[in-house]
Amino acid sequence: MKISKELMKGSNATLILSVLSNEDMYGYKIVKELEKRSENVFSMKEGTLYPLLHMLEEAGAVEAYWQESSARKRRYYHITRKGRAMLKEKKEEFELYSTSVSRVLNYA
């Protein structure tokens with residue numbers, strides 16, 4: 001089943017922060033890790049990913065740096081302390097939302 005763009009829109013930044021909470025990554029690796037963790041339910045295009053990464057960078061939630069790997073220069077992203085706090089808050093918010101939606105949908 002495919003998840004609608006509207007439903008995903010509010011979660012994308014949180015998903016990116018979650019992926020970055022374990023290790024620094026470059027864009028393509030973020031996309032692949034998101035697909036792997038979601039068992040291919042979530043897929044993100046570059047046109048969605050990079051504006052979100054720039055928004056998170058402007059908000060101070062991630063920092064970017066260049067690193068050479070495999071004779072190639074890549075822009076890596078690192079979650080900051082502010083980003084970790086934002087992720088914690090968003091996870092709590094999502095868990096409350098998810099639980100409440102489930103209660104409404106399963107109300108008998």
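Arg74 lies in strand 3 of a predicted model. Strands (E, at least two residues) and helices (H or I, at least four) are DSSP runs, numbered from the N terminus. Arg74 is buried but forms no salt bridge. Buried means under 20% relative accessible area, exposed over 50% and partly exposed in between, with a 1.4 Å probe and protein chains only. A salt bridge requires a side-chain nitrogen of Lys or Arg within 4 Å of a carboxyl oxygen of Asp or Glu. For charge, Lys and Arg count as positive and Asp and Glu as negative; His and the chain ends are not counted. The nearest side chain of opposite charge to Arg74 is Glu68, 11 Å away.

The side chain of Arg74 instead makes a polar contact with that of Tyr26, at 3.2 Å. A polar contact is a pair of N or O atoms within 3.5 Å; within protein, one must be able to donate a hydrogen and the other to accept it, and residues adjacent in sequence count only if both atoms are side-chain atoms. Beyond four places in sequence, Arg74 touches Tyr26, Tyr65, Trp66, Gln67 and Ser69. Contact means heavy atoms within 4.5 Å.

The sheet is open, with 3 strands in the order 1-3-2 and antiparallel pairing. Strand 1 (25-26) and strand 2 (62-69) are the edges; each has a single partner strand, so one side of each lacks a neighbour in the sheet. Two strands pair if DSSP finds at least two bridges between them. Strand 1 and strand 3 (residues 72-79) are joined by 2 bridges. Met25 stands opposite Tyr77 of strand 3.

Helix 2 (residues 12-20) lies across strand 1, strand 2 and strand 3, at about 105° to strand 3. Axes are lines fitted to C-alpha atoms, for helices over the stretch in contact; angles run from 0 to 180 degrees between N-to-C directions. Glu39 follows helix 3 and has a positive phi, near 55°.

Thr80 sits in the loop between strand 3 and helix 5 (81-105). Thr80 is buried, at 11% relative accessible area. Its side chain reaches the backbone oxygen of Gly60 at 2.6 Å. The side chain of Thr80 also reaches the backbone nitrogen of Gly83, at 3.0 Å.

Residues are numbered from 1 along each chain as its sequence is written. Local features need pLDDT of at least 70, side-chain atom pairs count only at pLDDT 80 or more, and totals for chains, interfaces and linings use all residues, while side-chain values use heavy atoms, without hydrogens or water.
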